[in-house]
Amino acid sequence: MTTTAIKMSDRTPSLALRRFAWGVLAYFIATILWGAIVRATGSGAGCGDHWPLCNGTLLQQSPTMQTVIEFTHRVTAALDMVFVLGLLVWTWRRTVSGHLARWAAGAAVFFTLTEGLLGALLVKLGLTAQSRSPMRAPFLALHLSNTLLLVAALAMVAHMLGRRQGFRWRDIRVTAPVGTTIGMLAMMVVGVTGSMAALGDTLFPAATLGESLSQDFAANSNWLLRWRWTHPAIAVVASIFVIWVLIRAARRTGAWDNRKLAALVVALLAAEYVLGLLDVGLLAPVWMQVVHLLGADLLWMALVVLTARLTLMPAGSRS
């Protein structure tokens with residue numbers, strides 16, 4: 001059985017729109033990486049406890065480097081909202097009713113708003129720079145979870161705009177929803193524990209690898225250090241889900257050939273393990289944290305798209 005093509009007349013997503021969607025995603029990834037620099041350099045308090053203004057003003061007179069880093073992050077984050085709103089409007093105007101890209105673009109706007117709200121709360125509550133408040137870790141975990149959902153939403157917009165079949169709710173069937181949901185949640189937990197480990201590295205830096213390892217087992221160490229082991233442990237467990245997805249991708253005979261995308265996921269996963277080991281061995285310098293985070297974001301993005309191709313299948317395609 002073949003899927004019947006749907007006539008979309010002049011509302012077919014244009015190449016320019018599809019490129020813009022991927023561009024917005026790339027820009028947001030860059031914003032995330034700059035945010036990691038803000039945290040790793042302790043620049044989160046560069047604008048004091050003022051938000052959205054910086055140190056109570058818009059224009060900064062003789063700003064410190066920390067102020068420049070934090071203020072730049074705020075400006076780029078504000079542009080995120082402009083780009084995401086533009087993506088929503090353009091997607092809405094150039095797609096048919098029920099198009100999944102519309103839903104994903106709407107979700108992206110929502111998560112962009114909550115991203116800004118969570119960032120503002122971190123500043124107003126003083127949970128930045130060298131703050132060791134017990135509230136910082138849960139707020140950071142919530143912030144990172146929202147970030148991952150926003151990346152997923154933007155990746156789905158770009159992917160769905162490129163589909164020629166199975167792009168509307170009524171034209172798809174959902175396969176293995178329970179296993180997929182559990183697996184994606186597990187991957188999100190990997191990201192959250194990774195942010196906790198990075199926070200521990202920032203607040204409690206070690207001079208040597210031996211000192212860093214001893215921090216993980218010392219009874220008087222902060223809980224962020226004693227729980228760093230959860231990140232690699234959960235990453236290994238979550239890899240089971242990735243393997244399951246890759247097996248499905250290899251066996252799939254449906255609407256798309258997923259072998260190249262599956263190979264990309266394998267390469268990114270292997271790279272992440274290598275980067276993780278280097279991060280530990282080099283005592284998590286700022287540049288290494290940024291590279292490690294970039295690899296994690298690319299892996300998450302590729303996994304979201306691959307999972308969508310395996311889970312949201314055209315109704316008339318064969319499994």
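This is a predicted model: local features need pLDDT of at least 70, side-chain atom pairs count only at pLDDT 80 or more; totals for chains, interfaces and linings use all residues.
Biologist: How are helix α1 and helix α4 oriented to each other?

Modeller: Helices here are DSSP runs (H or I, at least four residues; strands are E, at least two), numbered from the N terminus. Axes are lines fitted to C-alpha atoms, for helices over the stretch in contact, and angles run from 0 to 180 degrees between N-to-C directions. Helix α1 (residues 15-40) and helix α4 (residues 136-161) pack with axes 8 Å apart, at an angle of about 165°. Angles under 35 degrees count as roughly parallel, over 145 as roughly antiparallel, 65 to 115 as roughly perpendicular and the rest as oblique, and α1 and α4 are therefore roughly antiparallel.

Biologist: How many nonpolar, polar and charged residues form the contact of α1 with α4?

Modeller: Contact means heavy atoms within 4.5 Å; the α1 side includes W22, F28 and I32, and the α4 side includes L150, L154 and H159. Ala, Val, Leu, Ile, Met, Phe, Trp, Tyr, Cys and Pro count as nonpolar, Asp, Glu, Lys and Arg as charged, and the others, Gly among them, as polar. By these classes, the contact of α1 with α4 has 15 nonpolar, two polar and three charged residues.

Biologist: What is the handedness of the crossing of α9 and α10?

Modeller: The axes of helix α9 (residues 259-281) and α10 come within 9 Å and cross at roughly 155°, so the two helices are roughly antiparallel. A crossing is left-handed if the near helix is turned anticlockwise from the far one by less than a right angle, and right-handed if clockwise. By that criterion, the crossing of α9 and α10 is left-handed.

Biologist: Is A284 buried or exposed?

Modeller: Buried means under 20% relative accessible area, exposed over 50%, and partly exposed in between (1.4 Å probe, protein chains only). L283, at 29%, is therefore partly exposed. A284 has a relative accessible area of 10%, so A284 is buried.

Biologist: What is the handedness of the link of C47 and C54?

Modeller: A disulfide is a pair of cysteine sulfur atoms within 2.5 Å, and C47 is joined to C54 with S to S 1.9 Å. C47 is buried, at 0% relative accessible area, as is C54, at 0%. The angle about the S-S bond is -85°, and the link is left-handed.

Biologist: Which residues does T31 touch, not counting those up to four places away in sequence?

Modeller: T31 belongs to helix α1 and is buried, with a relative accessible area of 6%. The C-alpha atoms of T31 and T76 are separated by 6.4 Å, although the two residues are 45 apart along the chain. The residues touched by T31 are H73, T76, A77 and D80.

Key:
Residues are numbered from 1 along each chain as its sequence is written. Side-chain values use heavy atoms; hydrogens and water are left out.
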